[in-house]
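Here's a quick tour for anyone opening this structure for the first time. Take a look at the sequence and the model, then work through the notes below.

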Amino acid sequence: MSVEKIEALVVGAGQAGVAMSEHLSRCGVPHLVLEKGRIAERWRSARWDSLVANGPAWHDRFPGLEFAGDPEAFVGKEAVADYFVAYAEKFNAPIRCGVTVHSVERKAGSAGFRVETSEGVVEATYVIAATGPFQKPVMPDLVPEGAGLVQMHSTSYRNPDALPAGAVLVVGAGSSGAQIADELLTAGRRVYLSVGPHGRPPRAYRGRDFVWWLGVLNKWDAEATPGAEHVTIAVSGAKGGATVDFRTFAARGMTLLGRTQGFADGVLTFAPDLAQNIRRGDENYLSVLDEADAFLARNGMSLPEEPAARIIGPDPDCMTNPVLSLDLAQAGITTIIWATGFEQDFSWLKVDALDAQGKPRHQRGVSTEPGVYFLGLPYLSRRGSSFIWGVWHDAKFVADHIAKQRHYLAYRAPGDAALVSA
Ligand SMILES: Cc1cc2nc3c(=O)[nH]c(=O)nc-3n(C[C@H](O)[C@H](O)[C@H](O)COP(=O)(O)OP(=O)(O)OC[C@H]3O[C@@H](n4cnc5c(N)ncnc54)[C@H](O)[C@@H]3O)c2cc1C
């Protein structure tokens with residue numbers, strides 16, 4: 001069987017793979033990107049129909065190309081995918097679609113890696129895993145199949161009409177759960193939403209979008225805090241960009257519940273933590289306003305004041321009299337949507353770059369296996385790493401690292417020629 005040889009192999013052509021290819025091209029590194037689906041496949045087929053980008057077009061993009069149209073708009077998911085296709089065309093990215101990488105192993109006795117793909121073997125000196133921050137849906141094993149309900153992960157949700165008639169329980173109130181629950185409520189569904197700990201930043205404040213505040217407050221560059229609890233944030237670009245406010249959802253008729261805890265005999269039980277979770281979300285929201293005000297005062301910047309943003313609505317009945325158990329049949333619930341997050345799967349990467357739990361071991365994407373890199377992971381280098389604009393900067397760092405390695409390997413000491421000819 002013929003073996004294809006390439007210096008750098010990028011696995012995955014989402015935004016991370018496209019950015020990686022651009023920077024490798026800039027550094028003159030011959031490379032190939034293998035993608036099992038299409039470019040930006042997950043934007044096309046692992047997101048619901050109405051999803052728009054979480055940040056405005058002026059921000060959620062790569063430096064080298066603007067979105068057509070209103071820079072303040074929140075671009076739809078298909079247009080985001082089209083953007084990456086256009087971006088890749090711009091520099092003729094060597095992307096091969098429809099090819100799955102099955103395994104990567106270090107070559108015995110020589111440098112580089114042997115890569116088994118659905119279309120044969122590739123040998124590469126460098127391998128960059130750009131297979132996504134959110135790879136495998138996670139659904140708790142709580143409600144058994146056959147309980148007379150449709151259950152799905154948020155990646156499989158498409159739109160309200162695709163669900164059976166009846167009430168819907170959405171579990172998880174991060175960005176996905178909050179947006180899906182809101183869409184179902186707007187479509188006239190009876191909606192229950194199980195709300196865990198979360199942050200819910202303002203979409204905009206004093207005339208500036210949240211992404212701008214994250215920028216000027218230097219929070220996109222925040223590094224992960226080891227051991228700190230990861231709290232999901234509920235933020236949305238839907239409806240032209242509106243702050244997620246669970247109290248408003250309740251006022252519109254949604255029933256909020258605490259964290260989903262158990263299931264027996266058709267009855268789901270919930271932790272008595274709803275009020276605490278909502279209040280902490282409010283505190284997080286208000287703390288962003290405080291930091292924003294302090295920034296403006298310190299820098300002598302005058303943006304229009306917005307006192308109304310500080311008004312927190314009244315506690316809804318579901319907060320003061322929490323529902324701790326719910327008979328699904330009695331409540332008319334026919335669908336549960338688990339917006340409960342994702343895990344990563346690097347089982348195909350059979351090299352010394354993973355810990356005992358299969359988690360990547362790396363610093364800023366440079367793994368513990370020389371020649372293997374990660375890109376696009378949450379907090380790979382900082383908060384922005386898994387987002388569109390942030391991954392581009394991480395890709396630059398990784399490409400520069402590879403360029404430096406090539407430089408060392410290309411070095412020949414004065415005596416080398418004599419050694420070779422001896
Ligand atoms: C619901 C949702 C909304 C989001 N909205 C935003 C947003 O508005 N703005 C923002 O900045 N970020 C957003 N994100 C976060 C992030 O931008 C996306 O998750 C984005 O898809 C990540 O890009 P990526 O290239 O790192 O990974 P992915 O898009 O997941 O791309 C990885 C690619 O690798 C391919 N692949 C995987 N395994 C293999 C293999 N073995 N062989 C070959 N190919 C393989 C996949 O097919 C896929 O195309 C959102 C995330 C979610 C879940």
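A residue counts as buried here if 20 or more other C-beta atoms lie within 10 Å of its own. F74 has 22 C-beta neighbours inside 10 Å, so it counts as buried. Keep in mind that this is a predicted model. With that in hand, let's go through it topic by topic.

**The two domains**

- The protein chain splits into domain 1 (3–135 + 344–410) and domain 2 (136–338).
- Between the C-alpha centres of domain 1 and domain 2 there's a distance of 30 Å.
- Where they meet, domain 1 puts in 18 residues and domain 2 puts in 22 residues.
- On the side of domain 1 that touches domain 2, you'll find seven nonpolar, seven polar and four charged residues.

**Around the ligand**

- How many residues surround the ligand? The count is 34, and the closest are G12, G14, G132, G376 and F387.
- Helix or strand, four elements each bring at least two residues to this shell: α1 (15–26), β2 (31–35), α2 (41–45) and α9 (388–410).
- By type, the shell is made up of 15 nonpolar, 13 polar and six charged residues.

- β2, one of the elements that supply the ligand shell, is mostly covered, with five of its five residues buried.
- Both of its faces are covered: on one side sit H31, V33 and E35, on the other L32 and L34, and all are buried.
- Strand β1 (residues 3–11) runs parallel to β2, and four bridges join them.
- To get from β1 to β2 the chain passes through α1, making a right-handed β-α-β crossover.
- β2 also runs parallel to β3, this time with three bridges.
- In that pairing, V33 stands opposite I95 in β3.

**Strand β9 and its partners**

- Strand β9 (residues 167–171) is largely enclosed by the rest of the structure, because four of its five residues are buried.
- Five bridges tie β9 to strand β19 (residues 333–338), and the two run parallel.
- Strand β10 (residues 191–194) is another parallel partner of β9, with four bridges between them.
- Which residues stand opposite V170? In β19 it's I337, and in β10 it's L193.
- From β9 the chain goes through helix α4 (residues 175–186) to reach β10, and this β-α-β crossover is right-handed.

**Two phenylalanines in loops**

- F74 sits in the loop between α2 and α3 (77–90).
- Setting aside neighbours within four places in sequence, F74 is in contact with V52, A53, P56, G237, G240 and G241.
- F74 and N54 are 20 residues apart along the chain, and their C-alpha atoms are separated by 6.9 Å.
- F91 lies in the loop between α3 and β3 (95–97).
- Not counting residues up to four places away in sequence, F91 touches E22 and S25.
- F91 and V138 are 47 residues apart along the chain, with 36 Å between their C-alpha atoms.

- As background, most residues other than glycine have a negative phi.
- N218 has a phi near 65°, which is a positive value in a residue other than glycine.
- You'll find N218 in the loop between α5 (210–216) and β14 (232–233).
- N218 counts as exposed because it has 11 C-beta neighbours inside 10 Å.
- R364 also shows a positive phi in a residue other than glycine, near 50°.
- Its place is the loop between β22 (362–363) and β23 (366–367).
- With 16 other C-beta atoms within 10 Å, R364 is partly exposed.

Terms used. Residues numbered from 1 in each chain as written. Predicted model: local features only at pLDDT ≥ 70, side-chain atom pairs only at ≥ 80, totals over all residues. Near = placed C-beta within 6 Å. Nonpolar A, V, L, I, M, F, W, Y, C, P; charged D, E, K, R; others polar. Buried ≥ 20, exposed ≤ 12 C-beta atoms within 10 Å, placed from the backbone. Contact = placed C-beta atoms within 7 Å. Pairing = 2+ DSSP bridges. Right-handed = clockwise from strand over helix to strand, strands pointing away. Domains from an automatic or database assignment.
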